Amino acid sequence: MNRLLSAFILLIGVQAYAHAQGDVYLCVDENGKKEYKNTGTVKGCKKVELQGITVIPAPVPTAGKKPQGKPASSPTDFPKVDEGTQKARDSDRKQILQDELKAEEQKLANLKKEFNNGEPERRGDEKNYAKYQERTNMMKEDIARTEKNIEALKREIGNSK
């Protein structure tokens, strides 16, 4: 059991070494508890020499650079769509987006009309001013959300082929 525990702790130390890609220290506190760390500045820590471990660094991402070589291609058995069908699908998609944009713009116009520049008409069930304020705040949120939807739809239409 003690041997298994030692092997487990050593494995954790090896993983810590591979992860930190630096030195590993075995630290023993005043109670005799062993702990592996990547810094040895604490009293009772000794550097552990781990032999036979090869650490392969992760590839460094290159921001703004295009990858070298051929672009990835789809497998040969991947279903293909002819150009006419794809253009029809793209056209349908664009029409759906434009219809959604038109509906959102109409919704925004109705919300702004009802909002009445921050002073919507009070309803009969809003005898309490707090309810009126709550409805006014909800209307502001609805207007902001609808404006964001319109922006997103315009971006999506701009990105379409």
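This is a short exchange about a predicted model and the reasons behind some of the terms used for it.

Reader: What makes β1 and β2 a pair of strands, and in which sense do they run?

Author: Two strands count as paired if at least two bridges are found between them, and strand β1 (residues 24-28) and strand β2 (residues 34-37) are joined over four bridges in the antiparallel sense, so the term applies. Within this pairing, Y25 stands opposite K37 in β2. The hairpin of β1 and β2 has five residues between the strands, and there G32 takes a positive phi near 90°.

Reader: Which strands of the sheet are called edge strands, and why?

Author: The open sheet is formed by three strands in the order β2-β1-β3, with antiparallel pairing. The edge strands are β2 and β3 (45-48), each of which pairs on one side only. Neighbouring strands of this sheet are turned against each other by 30° on average, with direction ignored.

Reader: Why is T39 called partly exposed?

Author: Buried means under 20% relative accessible area and exposed means over 50%, with partly exposed in between; T39 has a relative accessible area of 40%, and therefore it is partly exposed. T39 has its place in the loop between β2 and β3, and, leaving aside neighbours within four places in sequence, T39 is in contact with Y25 and C27. The C-alpha atoms of T39 and D23 are separated by 7.4 Å, although these residues are 16 apart along the chain.

Reader: How do you know that the span of helix α3 agrees with its number of residues?

Author: Helix α3 (residues 129-159) has 31 residues, and at 1.5 Å a residue it should span 45 Å; because its end C-alpha atoms are 45 Å apart, the two values agree. At the start of α3, a side-chain oxygen of N128 reaches to within 3.0 Å of the backbone nitrogen of A130.

Reader: Which residues of α3 are buried, and against what do they pack?

Author: The buried residues of α3 are Y132, R135, T136, M139, I143, T146, I150, L153 and I157, and the buried residues of this helix pack against α2 (83-115).

Reader: What makes up the largest nonpolar core?

Author: The largest nonpolar core has ten residues, namely L97, L101, L108, L111, F115, M139, I143, I150, L153 and I157. Helices α2 and α3 each supply at least two residues of this core. One of its residues is M139, which touches L111, E114, F115 and P120 when residues up to four places away in sequence are not counted.

Technical notes: Residues are numbered from 1 along each chain as its sequence is written. This is a predicted model: local features need pLDDT of at least 70, side-chain atom pairs count only at pLDDT 80 or more; totals for chains, interfaces and linings use all residues. Side-chain values use heavy atoms; hydrogens and water are left out. The expected span of a helix is 1.5 Å times one less than its number of residues. Buried means under 20% relative accessible area, exposed over 50%, partly exposed in between (1.4 Å probe, protein chains only). Contact means heavy atoms within 4.5 Å. A polar contact is a pair of N or O atoms within 3.5 Å; within protein, one must be able to donate a hydrogen and the other to accept it, and residues adjacent in sequence count only if both atoms are side-chain atoms. Axes are lines fitted to C-alpha atoms, for helices over the stretch in contact, and angles run from 0 to 180 degrees between N-to-C directions. A nonpolar core is a set of buried Ala, Val, Leu, Ile, Met, Phe, Trp, Tyr and Cys residues joined through side-chain atoms within 4.5 Å.
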